Amino acid sequence: QVQLVESGGGLVQAGGSLRLSCAASGRTFSNYAMGWFRQAPGKEREFVAAIRRNDGITYYADSVKGRFTISRDAAKNTVYLQMNSLKPEDAAVYYCAANLLAILTPIPRNYDYWGQGTQVTVSS
């Protein structure tokens, strides 16, 4: 099985930046997609960004385009989410997830493994 561990969350002022990391361990796969999702209190889990391991193709939610950048270190099975120009509405628990079919999908149920989440708080 695959374990995913997020880190890098914290408190930041509006307009600031954070970089989240997601380290995968356990089984290794020839290819997969890794996505970032977030969930704020009282809201549904929403897609943020995804990246495919082998070719690095990315997919972003409209709400974060131009502000967030997803990247990966394939050799380390680690995915990053660089978050710039943070807004209060970005505050949420951020989760990483792995899709073994390597599909860049925004649908949570299409992901096979999930991390425990890391809290991002944005003050205004």
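## The end of the chain

Serine 124 sits in the segment after strand 11, which covers residues 118-123. In this predicted model, is serine 124 buried or exposed? Serine 124 is exposed, and its relative accessible area is 89%. For reference, a residue counts as exposed when that value is over 50%.

Which residues does serine 124 touch, leaving aside neighbours within four places in sequence? The contacts of serine 124 are with Ala14 and Pro88. Lysine 76 is 48 residues from serine 124 along the chain, and the C-alpha atoms of the two are separated by 35 Å.

## The protein as a whole

Let us step back for a wider view. The protein holds eleven strands and zero helices, and from the N terminus on its elements run β-β-β-β-β-β-β-β-β-β-β. Its radius of gyration is 13 Å, close to the 14 Å that the globule rule gives for 124 residues, so the protein is as compact as a globular protein of that length. Along the principal axes, the C-alpha trace spans about 40 × 25 × 25 Å.

What share of the 124 residues counts as buried? The value is 47%. The accessible surface of the protein comes to about 6100 Å², and carbon and sulfur atoms account for 49% of that surface. Among the contacts with a separation of 6 or more, 57% are between residues 24 or more positions apart.

Strands of a sheet pair through backbone hydrogen bonds, in either a parallel or an antiparallel way. Here, four strands make an open sheet in the order 1-3-8-7, with antiparallel pairing. Strand 1 (2-7) and strand 7 (68-73) stand at the edges with a single partner strand each, so one side of each has no neighbour in the sheet. From one strand to the next, the twist averages 15°.

Inside this sheet, strand 3 (residues 18-26) pairs with strand 8 (residues 78-83) in the antiparallel sense over six bridges. Leucine 20 stands opposite leucine 81 of strand 8. Strand 7 and strand 8 also pair in the antiparallel sense over six bridges, and threonine 69 has glutamine 82 in strand 8 as its bridge partner. The hairpin of strand 7 and strand 8 has four residues between the strands, and asparagine 77 in the turn has a positive phi of about 50°.

## Strand 5 and its partners

Five of the seven residues in strand 5 are buried, so strand 5 is largely enclosed by the rest of the structure. Strand 4 (residues 33-39) pairs with strand 5 in the antiparallel sense over six bridges, with tryptophan 36 opposite alanine 49 of strand 5. Strand 5 also pairs with strand 6, again in the antiparallel sense, over three bridges. There, alanine 49 stands opposite tyrosine 60.

Not counting residues up to four places away in sequence, glycine 56 touches Ile51 and Arg72. The C-alpha atoms of glycine 56 and leucine 100 are separated by 15 Å, and these two residues are 44 residues apart along the chain.

## One disulfide

How many disulfides does the structure hold? The structure holds one, and this disulfide joins cysteine 22 to cysteine 96, with an S to S distance of 1.9 Å. Cysteine 22 lies in strand 3 and cysteine 96 in strand 9 (residues 92-99), so the pair ties together parts that are 74 residues apart in sequence.

The link of cysteine 22 and cysteine 96 is right-handed, with 55° about the S-S bond. Are these two cysteines buried or exposed? Both cysteine 22 and cysteine 96 are buried.

Note on methods:
Residues numbered from 1 in each chain as written. Predicted model: local features only at pLDDT ≥ 70, side-chain atom pairs only at ≥ 80, totals over all residues. Heavy atoms only, no water. Pairing = 2+ DSSP bridges. Helix = DSSP H or I, 4+ residues; strand = E, 2+ residues; numbered from the N terminus. Axes fitted to C-alpha atoms, helices over the stretch in contact; angles between N-to-C directions. Disulfide = S-S within 2.5 Å. Buried < 20%, exposed > 50% of the residue type's maximum accessible area, 1.4 Å probe, protein only. Contact = heavy atoms within 4.5 Å. Rg over C-alpha atoms; globule rule 2.2 N^0.38 Å. Areas by Shrake-Rupley, 256 points an atom, 1.4 Å probe, with all protein chains shown as cover.
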